[in-house]
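Dear colleague,

Please find the structure below, handed over for your study. A short account of what was found in it comes after.

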Amino acid sequence: MFVREGCPHCTAAKAYLAEFAAREPGLKVSYLDVRANPANRDRLKTLAGEHGIETIGVPSFLICGDFLVGFSETATPAEIERRVKQPAYP
């Protein structure tokens, strides 16, 4: 998850991910601060470009090869869980 210190959406996403990780013991979550580390910002820009996303922001998520930008407490958790729980091989 790409984050920025002080971002309220990042804070909400972190809280959700902590709860989700408690339910999914195999889930590994890494936080990459784009302000504190320019390499993280560059990686975010590269991933967005690879996925055809022109408008980037935080939080952004790389989930099982999928890329998701933004966090809405009403919609994003379901989308994250769907992507995490989808079978690796159809």
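The notes that follow cover the aromatic rings, the cysteines, a hairpin and one leucine.

This is a predicted model, in which local features need pLDDT of at least 70 and side-chain atom pairs count only at pLDDT 80 or more, while totals for chains, interfaces and linings use all residues. Residues are numbered from 1 along each chain as its sequence is written, and side-chain values use heavy atoms, with hydrogens and water left out.

Aromatic rings. Rings of Phe, Tyr and Trp (its six-membered ring) pair if their centres lie within 6.5 Å; planes under 30 degrees apart count as stacked, over 60 as edge-to-face and the rest as tilted. By this rule there are three aromatic pairs. One of them, Phe-61 with Phe-71, is tilted, with 6.4 Å from centre to centre and 45 degrees between the planes. Phe-61 belongs to strand S3 (residues 60-63) and Phe-71 to the loop between strand S4 (66-69) and helix H3 (76-85), so the pair ties together parts ten residues apart in sequence. Here helices (H or I, at least four residues) and strands (E, at least two) are DSSP runs, numbered from the N terminus. Phe-61 and Phe-71 are both buried, a term for under 20% relative accessible area, with exposed meaning over 50% and partly exposed in between (1.4 Å probe, protein chains only). Together with Tyr-16 and Phe-20, they form one aromatic cluster.

Cysteines. A disulfide is a pair of cysteine sulfur atoms within 2.5 Å, and the whole structure has zero disulfides. For Cys-10, the closest cysteine sulfur is that of Cys-7, at 3.0 Å, which is too far for a bond. Cys-10 is buried, at 2% relative accessible area. Cys-64 is likewise in no disulfide, and its nearest cysteine sulfur, in Cys-10, is 20 Å away. Cys-64 is exposed, with a relative accessible area of 57%.

The hairpin. Two strands pair if DSSP finds at least two bridges between them; S3 and S4 run antiparallel and are joined by four bridges. They form a hairpin with two residues between them, and Cys-64 in the turn has a positive phi of about 50 degrees. Opposite Leu-62 stands Phe-67 in S4.

Leu-47. This residue lies in helix H2 (residues 38-50) and is buried, at 3% relative accessibility. Leaving out residues up to four places away in sequence, Leu-47 touches Phe-2, Leu-62 and Phe-67, where contact means heavy atoms within 4.5 Å.
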